[in-house]
Amino acid sequence: MIHVAARVALGPLLYRQATRLRRSVVPLPEPPGPRKGLEGAGPRRLRLLIAGDSSAAGVGAPTQEEAFARPLARAVAARIGGAVSWQLVARPGLTSAALLEHLRSTPVESADLALVVIGVNDITHEVPQALALRQRLHIVHWLQAHCGVQHVVFPALPDMGRFPALPQPLRWYAGLHARRANRAQARWAARHAHVSHVPMDGVTDARLFSEDGFHPAPALYARVVNRLAEHIGAHMGESVGKPPAALAPDGAAHTEAPGPRMRGARATSEARRSAPARPTAT
């Protein structure tokens with residue numbers, strides 16, 4: 001495979017570049033602002049949990065008002081024509097396994113739908129893809145059992161082949177890894193009822209990054225929010241209000257088949273190829 005050949009041929013150079021990058025990047029703070037609230041109004045209501053790493057936390061934006069979670073809740077409220085109560089549970093640097101532990105140690109409110117932004121740190125920490133997906137399945141199980149979540153959305157990794165902070169060939173290698181990770185996550189999500197993968201093709205723009213060249217600036221967060229609000233508004237209506245599917249510990253069995261709209265959404269997600277990722281912690 002090309003990623004194996006690249007690692008063998010470029011390994012020492014990639015290691016030096018990644019080490020130099022970790023030492024030189026100045027961590028940006030998490031933006032101040034509320035981590036929960038209510039957006040919109042109307043008889044239709046949705047409880048939304050946003051969980052994940054630094055991108056979920058909004059690093060790169062000056063405030064939560066211009067970051068990710070609150071704008072997403074507001075955009076979803078507008079899409080569904082109702083009210084969205086939301087909670088953000090996120091911390092920079094989390095892998096999939098670390099996010100599960102963070103959720104377990106945090107007061108998490110009940111939710112209908114969860115959006116989980118995770119995966120870049122799995123790549124930077126060299127977590128095998130199969131293990132990362134098993135850990136994400138554990139997250140799904142936990143959210144269903146402890147928060148009553150009926151559907152879990154996993155956005156694709158960003159196109160790290162466009163990250164200004166990454167030198168070549170590390171940037172190319174990061175993009176290669178993220179594309180592989182996104183294809184694997186799309187296939188994985190398609191096998192599980194009440195789980196979906198959202199492609200992010202065409203969203204990343206090298207001109208729309210924060211000063212660290214690694215995290216989104218507000219304009220890029222706005223693009224991501226628009227894509228995810230579109231997905232939630234178009235495809236989540238039928239799943240909210242239904243009991244969650246019973247997943248076997250290995251995720252192999254389901255007691256409920258997805259509705260026609262969600263089945264179509266996952267087929268679209270698998271058919272479309274997503275975006276990339278690899279080096280510092282997000």
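Analyst: A nonpolar core is a set of buried Ala, Val, Leu, Ile, Met, Phe, Trp, Tyr and Cys residues joined through side-chain atoms within 4.5 Å. Keep in mind that this is a predicted model.

Start with the largest nonpolar core. It has 51 residues. Those with the most contacts inside it are I50, F68, L72 and L115. Helix 8 (residues 218-235) gives the largest share of this core, seven residues.

Now zoom in on L72. Leaving out residues up to four places away in sequence, L72 touches L48, I50, L115, V225, L228 and A229. Another core lies apart from the largest one. It has 26 residues, including V89, A111, L143 and A189. As a general rule, nonpolar side chains in soluble globular proteins tend to be buried together.

Next, turn to helix 4, residues 96-104. Its buried residues are S96, L99, L100, H102 and L103. Look down the axis of helix 4: the buried residues fall within an arc of 160°, so they line one face of the helix. What covers them? Strand 2 (45-52), strand 3 (83-90) and strand 4 (113-117) are among the covering elements. Helix 5 (120-124) and helix 6 (129-147) are also among them.

Finish with a histidine in a loop. H194 sits between helix 7 (170-190) and strand 6 (195-198). Buried means under 20% relative accessible area. H194 has 7% relative accessibility, so it counts as buried. A polar atom of the H194 side chain lies 2.7 Å from the backbone oxygen of Q150.

Definitions and conventions
Residues are numbered from 1 along each chain as its sequence is written. This is a predicted model: local features need pLDDT of at least 70, side-chain atom pairs count only at pLDDT 80 or more; totals for chains, interfaces and linings use all residues. Side-chain values use heavy atoms; hydrogens and water are left out. Buried means under 20% relative accessible area, exposed over 50%, partly exposed in between (1.4 Å probe, protein chains only). Helices (H or I, at least four residues) and strands (E, at least two) are DSSP runs, numbered from the N terminus. The arc is that of the directions from the helix axis to the C-beta atoms. Contact means heavy atoms within 4.5 Å. A polar contact is a pair of N or O atoms within 3.5 Å; within protein, one must be able to donate a hydrogen and the other to accept it, and residues adjacent in sequence count only if both atoms are side-chain atoms.
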